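Hi,

Here is the structure I said I would pass on. Have a look at it first, and then read my notes on the salt bridges and the cavity below.

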Amino acid sequence: MGYQQYGISPALVARVKQKMKNSATKERIKGILDGVTKSDLQDPAKVQRLVKSAAGVLKEPLSQAEEQQIVRFVVAQRIDPNNTFHLIKLWGMFR
């Protein structure tokens, strides 16, 4: 899987996926990501703030190394939140 190449733990991904099944949590995460643009997702500082916010909502303590791995992964994906193909690709990566 792509995220494993960046050192992101499958156990972390499994915990986050489980927590995202809670509709209230999912809505809070959607609120954080509302209005995020492609350029925002290419700016490591903005991505790091988003990761910290999401980790707080999920009550998932991340080490500095884990945070940096996630930031590098997101920036490397060149995600365009308005491009359906990009979103399908990400969805497939974390199924």
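**Salt bridges**

Glu 60 pairs with Arg 15 in a salt bridge, with 2.7 Å between the closest N and O atoms. Glu 60 sits in the loop between α3 (44-58) and α4 (64-77) and Arg 15 in helix α1 (residues 10-19), so this contact ties together parts that are 45 residues apart in sequence. By salt bridge I mean a side-chain nitrogen of Lys or Arg within 4 Å of a carboxyl oxygen of Asp or Glu. Helices here are DSSP runs (H or I, at least four residues), and strands are too (E, at least two), numbered from the N terminus.

Before going on, the ground rules: this is a predicted model, where local features need pLDDT of at least 70 and side-chain atom pairs count only at pLDDT 80 or more, while totals for chains, interfaces and linings use all residues. Residues are numbered from 1 along each chain as its sequence is written, and side-chain values use heavy atoms, with hydrogens and water left out.

Glu 60 has another partner: its side chain also meets that of Lys 19 in a salt bridge (2.7 Å, N to O). Lys 19 is in helix α1 and Glu 60 in the loop between α3 and α4, so here the parts tied together are 41 residues apart in sequence.

How accessible are these residues? Glu 60 is buried, at a relative accessible area of 6%, whereas Arg 15 is partly exposed at 39% and Lys 19 is partly exposed at 28%. The cut-offs are under 20% relative accessible area for buried, over 50% for exposed, and partly exposed in between (1.4 Å probe, protein chains only).

The whole structure has four salt bridges. One of them links the side chains of Asp 40 and Lys 46 (3.1 Å, N to O). Asp 40 counts as buried at 16% relative accessibility, and Lys 46 as partly exposed at 32%.

**The cavity**

Which residues line the largest cavity? They are Gln 77, Ile 79, His 86, Lys 89 and Leu 90. A cavity here is a set of points on a 1 Å grid over the protein atoms alone where a 1.4 Å probe fits but cannot get out, and lining residues have an atom within 4 Å of a point. Helix α5 (residues 84-93) supplies the largest share of that lining, three residues.

Happy to talk it through.

How values were computed:
1 Å grid on protein atoms, 1.4 Å probe; cavity = no way out; pocket = protein on both sides within 12 Å on 5 of 7 lines; lining within 4 Å.
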